[in-house]
Amino acid sequence: MSFTPSTENLIKALQLMPGIGLRSAQRLALHLLERAPEEARNLSVALETALAAVKKCPTCRTLTESDQCDICASPEREEATICVVISDADKEGLELSGHFKGRYFVLHGALSPIDGIGPEQLGIWQLIDLISAQDSKVTEVLLALDDQMESDATAYFISEQLKKGSIACSRVRFAQFKSGSLDKADSRVIADALANKQTIGFEHD
Ligand SMILES: [Zn+2]
């Protein structure tokens, strides 16, 4: 079966989305073009608008529409602890629980050399620079990552980079959650995970 060149292009673009295979991409593309041109136009405008307005906070990489995200801009938040998460959805989950008062750093992924995702793509050097800056007040890093293999590798990599300093580094485990679903976790699960953080390494001054 062959579609028009533009339809093929749309199918290819949809297929790049996570969890969308060729069949789903074809179904979506044909649905939008055949039965829902108005929704398709709305989707296109919403996408363009979001792409123009949303950017990463220069400090913590949270998605924001301001020069700095609300949490980095807030004087109420403790500066001593940074919680590293894989996605904005995980940050939202922790925020909803109300159990964390520090600041965040969002990686937007986990190390995956096979997909070309290294420390640079995840902002890990930016995180290290942030923590080791002269005026940094950070004394503790919480790695609130799920238990996927890539997340373990990412946590190990970050903790190795922090070994040289006097930063306490702990792993906060959400065993039954995959990154992206923490916003559905109940607040007690998050409170327990934060209370049971596991120290990875701490070298005193
Ligand atoms: Zn921020």
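The questions and answers below concern a predicted model.

Q: Which element gives the largest share of the lining of the largest pocket?
A: The largest pocket has a volume of about 300 Å³. Elements giving two or more residues to its lining are α1 (5–15), α2 (22–35) and α3 (37–53). The largest share, four residues, comes from α3.

Q: How many charged residues does the lining of the largest pocket have?
A: Among the residues lining the largest pocket are Leu10, Met17, Leu33, Ala40 and Ser44. Asp, Glu, Lys and Arg count as charged. By class the lining has nine nonpolar residues and one polar residue, and the number of charged residues is none.

Q: Which residue meets Glu95 in a salt bridge, and how many residues apart are the two?
A: A salt bridge needs a side-chain nitrogen of Lys or Arg within 4 Å of a carboxyl oxygen of Asp or Glu. The side chain of Glu95 meets that of Arg77 at 2.8 Å, N to O. Glu95 is in helix α5 (residues 88–97) and its partner is in the loop between α4 (70–73) and β3 (81–85), so the pair links distant parts of the chain. The partner is Arg77, and the separation is 18 residues.

Q: Is Arg77 buried or exposed?
A: The cut-off for buried is under 20% relative accessible area. Glu95, at 25%, is partly exposed. Arg77 has a relative accessible area of 15%, so Arg77 is buried.

Q: Which parts of the chain does the salt bridge between Arg173 and Asp152 tie together?
A: The side chains of Arg173 and Asp152 meet at 3.8 Å, N to O. Arg173 is partly exposed at 36% relative accessibility, and Asp152 is partly exposed at 32%.

Q: What is the N to O distance in the salt bridge of Glu160 and Lys163?
A: Glu160 is partly exposed, with a relative accessible area of 26%. Lys163 is partly exposed as well, with a value of 43%. Their side chains meet in a salt bridge with an N to O distance of 3.2 Å.

Q: Which residues do salt bridges that share partners join into one network?
A: The count of salt bridges comes to nine. Salt bridges that share partners join three residues into one network: Asp152, Arg171 and Arg173.

Q: Which residue's backbone oxygen lies 2.6 Å from a polar atom of the side chain of Thr154?
A: Thr154 is in helix α7 and is buried, with a relative accessible area of 0%. Leaving out residues up to four places away in sequence, Thr154 touches Leu107, Ala110, Leu111, Leu122, Ile124 and Leu145. The backbone oxygen at 2.6 Å from its side chain belongs to Glu150.

Q: What is phi of Arg61?
A: Arg61 is in the loop between β1 (55–56) and β2 (63–64). Its relative accessible area is 8%, so Arg61 is buried. The phi value is positive in a residue other than glycine, near 70°.

Q: What is phi of His108?
A: His108 lies in the loop between β4 (103–106) and α6 (124–132). At 30% relative accessibility, His108 counts as partly exposed. Its phi is positive, in a residue other than glycine, and near 60°.

Key: Residues numbered from 1 in each chain as written. Predicted model: local features only at pLDDT ≥ 70, side-chain atom pairs only at ≥ 80, totals over all residues. Heavy atoms only, no water. 1 Å grid on protein atoms, 1.4 Å probe; cavity = no way out; pocket = protein on both sides within 12 Å on 5 of 7 lines; lining within 4 Å. Points joined across faces, edges and corners; volume = space filled by probe spheres on them. Buried < 20%, exposed > 50% of the residue type's maximum accessible area, 1.4 Å probe, protein only. Polar contact = N/O pair within 3.5 Å; in protein donor to acceptor, adjacent residues only side chain to side chain. Contact = heavy atoms within 4.5 Å.
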